[in-house]
Amino acid sequence: MRDVVPKLSRPLAYTTVMTTLDRLFKKGLLDRHKSDRAFLYSPHLSRQEWERQCAGSLVAGFLSGPSPSRELLLSCLLDAVGEHDARLLDELEKKIRCRRKELIRQGQP
Amino acid sequence: MTLPYLLRMVCLCLASFFVLNAVAALLVRISCKSAIRFAESRAPGTAARFLLALRILPFALAILFVGGLCVPSYLWLEPAATAERVGLLSVVLGLLGALTWSVSVARTAHSLASSLRHNRLCRLVGEEIRVPGESSSLVIVENDAPLLALSGLIRPRLLISSGVLHALSSEELDTALAHEQAHRRSRDNAKRFLLLLAPDIFPFVRPLRTLERAWSKFAEWAADDQAAGGDANRAVSLAAALVHVARMGSAPRLPFLSTSLLACDRDLSARVNRLLQASPIAPARFAPTQARLRTISLLLGAGVAALLLAPSALPLVHELLELFLH
């Protein structure tokens, strides 16, 4: 609690922070254990796991809908994946070119 | 249910196999995350070997127990030519054991057959050439698909499409082929065969797939390191080959008993970034961790052998089995 309060963007009452953390713990988003007289809170999921879970539930929501919304989602996903793949490959090629130039500068043609 | 002598033994063996395999596999599944984290801190080759050993461990333990203790104790201590009642639980577990085995064997046979079919088809439509100094032959298939793979179990063949041959420069092609040769030297297709044969916890559920995927990733990384051989230029050539092949589109679906240059498409970025890092990773010759792993395996083997040879082991196992049977 002592660590959380000073890091907030705006000042909040100690009890408000305590209630919020307690609610997040009860919702299963935080883990906590007692150390002396204080509670130590830690995230239940890593950022990656949390984002994966959010994306999964969003996609599952769309897929459980009527057929047109399913097709729309799949078509959007395919477009996005295609664009992402091309961008990713461009970035990787750029990195390869940079590394090649670096090796030539170091005298390893 | 009353069963004759031999059928009782079969039921007992299958039930013991199912219980032991399921319990050990469950323990492995629980420790899966920690095991993968531990593997990530090791060299890719060591990590791949460790994860494969962990995946096979439940199957190996169950086979060792059944073959080394169940069968000898039954044959030695169970009076022959008697029919005995067998408990319902034993029969159900025996049936589950039989189902587990059948599913594994069927899966393996299906993969073997599709691998043979695929190789035969590639040889029929392609041109097979011998590569000097290499034991496996190279099959060139007239196709634009991004195909560069090592396929087959006993005599794996290198399959390459003419599209890939034309798309890659000679350095890129050399490192890409070296990557596949590294898979051949590591016998990765034989390891895939073992993965198919080793059953999971239950017949149709595969929670240990997480370990298999992690093994596959580290096997690819180890082959990348071997192909680069600690040379920065070779590492860059291999990275360029990976990107060029990825640009050709999605890889064709290959049988399970094969390794492809772009086996884990999702891992492409991580693989390229590894290859481009400042000091390329040289493949480990014989790391101390490997020596430690070998020592642990030897000690484990010696422990199991001592247990099998102990005079009181077989009667004890027989008593336990009797309890289990009824």
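How many bridges join strand β4 of chain B to strand β6 of chain B? The sheet section below gives the answer.

## Basis of the report

This is a predicted model, in which local features need pLDDT of at least 70 and side-chain atom pairs count only at pLDDT 80 or more, while totals for chains, interfaces and linings use all residues. Residues are numbered from 1 along each chain as its sequence is written, and chains are lettered from A and ligands numbered from 1 in the order in which they are written.

## The sheet of chain B

Five strands of chain B form an open sheet with mixed pairing, in the order β3-β4-β6-β5-β7. Strands are DSSP runs of E with at least two residues, helices are runs of H or I with at least four, and both are numbered from the N terminus; two strands pair if DSSP finds at least two bridges between them. Because β3 (127-130) and β7 (258-260) of chain B stand at the edges with a single partner strand each, one side of each lacks a neighbour in the sheet.

Four bridges join β4 (residues 137-141) to β6 (residues 157-161) of chain B, and these strands run parallel. B:V141 stands opposite B:S161 in β6(B).

## The contact between the chains

The contact takes 11 residues from chain B and 10 residues from chain A, two residues being in contact if their C-beta atoms, placed from the backbone, lie within 7 Å. On the side of chain B that touches chain A, α9(B) gives the most, with eight residues.

## Contacts of one phenylalanine

Not counting residues up to four places away in sequence, B:F218 touches B:A39, B:P44, B:A47, B:A48 and B:L51.
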